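This report covers an assembly of chains with a ligand. The sequence and structure come first, then the description.

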Amino acid sequence: MSPDPQSVRHGDRFLLPFRAIGRPVIQICRHVGQLTVFLVTAFRHLLTPPYYPTEFAQCLYTLGFLSLPIVGLTTLFAGGALALQIYTGGIRFNAEAAVPAIVAIGMVRELGPVLCGLMIAGRSGSSIAAELATMRVSDQIDALETLSIAPMDYLVIPRIAAATVAMPILVGIGDIIGILGGYLVGIYRLGIGEVGYLTQSIEFLDRADIVSSLVKGAVFGFIIAACGCYCGMNARHGARGVGIASTSSVALSSTLIIAANFVLTDLFF
Amino acid sequence: MATPPELELDCITKRFGSNTVLDRLSLTVERGVSFALIGKSGGGKSVALKIMLGLLPWDRGEVRARGMKLTQHISEWRQSIGVLFQGGALFDSLPVWKNVAFAGLRGRERMDARQARSKAEEKLERVGLNASVAGQYPAELSGGMQRRVGIARALFTQPQLLFLDEPTTGLDPVRSEQITTLIADILADSSMTAVTISHDMNFVPRISTQTALLDGGRIVWQGASRSIHEHGHDRLGNFVQGRRDSDLP
Ligand SMILES: Nc1ncnc2c1ncn2[C@@H]1O[C@H](COP(=O)(O)OP(=O)(O)O)[C@@H](O)[C@H]1O
Ligand SMILES: [Mg+2]
């Protein structure tokens, strides 16, 4: 039980800064601990039946297929902008010829997965959190349990599995569309030769680049759904709790995506 | 050996942070009895219910279901109960019939859709709804109809023990009267044990035989439901007639 701030005696004043630092640190530790327990529980449920293939398919559709437009549009413009920037830089070293290759590598290794990750965190992560949080605060999750259906099996596993499967595919498609965006800008705006562009793009891409892109996609997908489910399942306090769950899931998953991106990039370096 | 009671709460204490909601609450529900738990809003009735259902951990005390510790046979226990949550807690992404048949469709037995639907329609009819609502979504129904669907869902698995959390709260007098009659009917028709939570003093004597008043986190009065209106100036009388406890002589 935490003593309320008013009970702090005069002599304890010098403790206040420690308290101000200590509280959030303890909060963070508690969340990390709870998230770990949540993931371990989810993993145990993943290994044991029952499974709900219909729910999995439905999540695959809403998380994957319905995210295609947003992924396509963002990566198309990002690829175009990337081509312009690299051309601007390249021309200072007389290296305009490298634009196609650098756009492709930059898109596949970095921009594609990170952009898709952040966009999907905003689109699907928040909606997972809001949906589960609404179910939590309106007792629907309790109702599932009393009907002998484990919410982990029925709600969490299908979402995490679907996101982990769908994200690499989305990232792959995003990579291709991003390169296409660079290509369009390259030939129509920068006047780079139409013939050489695509062959150059593809020639310089290694298998490792593509693998790293897809692995990042899968990890980011996992992070997005896991954060969404964690925040949603632990929501409390009515409508306000639903809002908090959805915002904190986006904040948490975006941060983790950026951090994981660094770790994975270093691994594939 | 006498049959053990259906449900026993033994000295249950439950705190949320520094807020002690249940303070050494003890109660016993015998088999076949219709038991009502009354008390003011925010008094911890729903919390007590969630503890009986094994949905909330408690801090101290023990819950026994049919003589055994609840935590040790929670999954068999849940197979034998039906619950109407406060507000219904219907799954709003599913049509009415899938809500009602949920335990059949997604539970252990995995009934096929046609069989499940016909059984769901049968249960809907039992609660006074015709088959045309089966395909609608919960959000399209009135509050009274949602309660009925919730009751139909609770009855789907033929439970031995039925829990009802404030089945008439928030309904207009006509609907409330209809739901009361319906529940009284259902309970009279079967040998189910029932635990009902309410603060509706007209409803309680009509659907239950025993009543307990929860106040300050524990049971302060327990007795026959038909006698609740016969009390004068004690805590029960005050609660029933809407006086404050400071008016106690
Ligand atoms: N999950 C929770 N976290 C913190 N406090 C809670 C929680 N659930 C209920 N409470 C508190 O417990 C008290 C009793 O609530 P409840 O059982 O819903 O009352 P009622 O008797 O009206 O059903 C309230 O003060 C409520 O704020
Ligand atoms: Mg309540």
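Which residue takes a positive phi near 60° in the hairpin of strand 9 of chain B and strand 10 of chain B? In that hairpin, which has two residues between the strands, B:Gly216 does.

## Basis

This is a predicted model, in which local features need pLDDT of at least 70 and side-chain atom pairs count only at pLDDT 80 or more, while totals for chains, interfaces and linings use all residues. Residues are numbered from 1 along each chain as its sequence is written, and chains are lettered from A and ligands numbered from 1 in the order in which they are written.

## Chain B

Chain B has nine helices and ten strands; helices (H or I, at least four residues) and strands (E, at least two) are DSSP runs, numbered from the N terminus. The radius of gyration of chain B, 18 Å, is close to the 18 Å that the globule rule gives for 249 residues, so chain B is as compact as a globular protein of that length. The radius is taken over C-alpha atoms, and the rule is 2.2 Å times the number of residues to the power 0.38. The C-alpha trace of chain B spans about 60 × 45 × 40 Å along its principal axes.

Of the 249 residues in chain B, 42% are buried (20 or more other C-beta atoms within 10 Å of the residue's own, with C-beta atoms placed from the backbone).

## Strand pairing

Strands pair if DSSP finds at least two bridges between them. Strand 9 (residues 210-215) of chain B runs parallel to strand 3 (residues 34-38) of chain B, joined by four bridges. There, B:Phe35 has B:Gln210 as its bridge partner.

Strand 9 of chain B also pairs with strand 10 (residues 218-224) of chain B, in the antiparallel sense over six bridges. B:Ala212 stands opposite B:Gln222 of strand 10.

## Ligand 1

Residues from chains A and B surround ligand 1, so the site is shared between chains. A residue counts here if its C-beta atom, placed from the backbone, lies within 6 Å of the ligand. The shell includes A:Arg236, B:Phe16 and B:Lys45. Helix 1 (residues 45-52) of chain B gives the most to this shell, with three residues.

## Contact between chains

Twelve residues of chain A are in contact with 17 residues of chain B, contact being C-beta atoms, placed from the backbone, within 7 Å. Helix 5 (residues 140-146) of chain A supplies the largest share of the chain A side, five residues.

Methods: Contact = placed C-beta atoms within 7 Å. Buried ≥ 20, exposed ≤ 12 C-beta atoms within 10 Å, placed from the backbone.
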